Amino acid sequence: KKCAYMAPSQPWIAASVAMLVAVAVLQVARLLARWCCQADKTKAEKKQDRAGSNSNAAQEGKTPQLGYITVVPSLKALQGEHTIELQSTMLKSGMECGWWLCQHTSTQIATLEKQVNMEIAAVRALRSRRRHDPKHQDADADDDDQSQASSADSASDEDVAKAMQVIHRRTLEGFVTWCNYVSSATLGSLCRKGLDMAALRDMSAQVMENSTRPPDRLFVEALVLRVMESVGEQMLQCPERLSYLLFHT
């Protein structure tokens, strides 16, 4: 037998070439369509950026609206002439700012007062325990008349002050941690930029050693942080930002 060269069929060759050309044309068309879509998206994004920059510029130039509320807790020992203000360029009027601030502040005042009342009950329980302890009967003999003078339903100013000191330290413990961390950071650390290290240490000491400070001041400081957390709920995931803003308050 002789080996003969087998040439492929011409129709199949033409069909294969036609398929290759068709695939190439489809791929080129697909690439062109993608490029056109990307160009349109880029133009749309540029327009949005321009519109956003214009709106931000207009918002920055807009006069901020102001709302305020006077802090009036139910406990007299915590009452003082303290006012919390809210400035916003997003809200339409000062009345709207005041309404939102009132809703957040009143809720946080009620929560803080519940915590203070529970701490007052704990202070009384500890004093009662000491009174019935033979080791402390002589030391607490002078305090019996004073503790009995106040009724069981009303809290004395001393009890409120002690309870408020505990609540104040407990509420601002995250702020104290931030102050101590930043003040002890190295000189090249970015977290120290633009901050006064002496002021940070002083604020930390004022929270931890708050026994000589008035309870109404401690209450409003804890309240400001709670209101900031309530108004800027999305910032709860970044406590360092909250501490930074509280430092500049």
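Visitor: What do the side chains of D159 and R127 meet in?
Guide: They meet in a salt bridge, 2.8 Å from N to O. Keep in mind that this is a predicted model.

Visitor: Where do D159 and R127 sit in the chain?
Guide: D159 is in helix α4, and R127 is in helix α2. The two are 32 residues apart, so the pair links distant parts of the chain.

Visitor: Is D159 buried or exposed?
Guide: D159 is buried, with 1% relative accessibility. The cut-off for buried is under 20%.

Visitor: And R127, buried or partly exposed?
Guide: R127 is partly exposed, at 23% relative accessibility.

Visitor: Which residues are linked with D159 in a network of salt bridges?
Guide: R124 and R127 are linked with D159 in that network. The D159 and R124 side chains meet at 3.8 Å, N to O. That pair also links distant parts of the chain: D159 is in helix α4 (residues 157-171) and R124 is in helix α2 (residues 94-131), 35 residues apart. R124 counts as partly exposed, at 22% relative accessibility.

Visitor: How many salt bridges does a search of the whole structure find?
Guide: The search finds six. One of them joins K162 and E158, with the closest N and O atoms 3.4 Å apart.

Visitor: How many residues apart are K162 and E158?
Guide: They are four residues apart, about one turn of the helix. Both lie in helix α4.

Visitor: New topic. How many residues does the largest nonpolar core have?
Guide: It has 22 residues. Those with the most contacts inside it are V71, L78, V116, M164, F219 and L223. The elements giving two or more residues to this core are β2 (83-88), α2, α4 and α7 (215-231).

Visitor: Which element gives the largest share of this core?
Guide: That is α7, with six residues.

Visitor: What does V71 touch?
Guide: Leaving out residues up to four places away in sequence, V71 touches G80, H82, I84, I109, F219, V220 and L223.

Visitor: What other core lies apart from the largest one?
Guide: There is another core, of 15 residues. Among them are L172, W178, L195 and F247.

Visitor: Which aromatic cluster includes W178 and F247?
Guide: F175, W178 and F247 form one aromatic cluster. A search of the whole structure finds three aromatic pairs.

Visitor: Last one, the surface. Which residues form a nonpolar patch there?
Guide: I13, V17, V21 and V25 form a nonpolar patch on the surface. Together they have about 320 Å² of accessible area.

Visitor: Where does I13 lie?
Guide: I13 lies in helix α1 (residues 10-61). I13 counts as partly exposed, because its relative accessibility is 35%.

How values were computed: Residues numbered from 1 in each chain as written. Predicted model: local features only at pLDDT ≥ 70, side-chain atom pairs only at ≥ 80, totals over all residues. Heavy atoms only, no water. Salt bridge = Lys/Arg side-chain N within 4 Å of Asp/Glu carboxyl O. Buried < 20%, exposed > 50% of the residue type's maximum accessible area, 1.4 Å probe, protein only. Phe/Tyr/Trp six-rings, centres within 6.5 Å; stacked < 30°, edge-to-face > 60°. Patch = residues over 30% accessible without salt bridge, like charges linked within 9 Å, V, L, I, M, F, W, Y side chains within 5 Å. Areas by Shrake-Rupley, 256 points an atom, 1.4 Å probe, with all protein chains shown as cover. Core = buried A, V, L, I, M, F, W, Y, C linked by side-chain atoms within 4.5 Å. Contact = heavy atoms within 4.5 Å.
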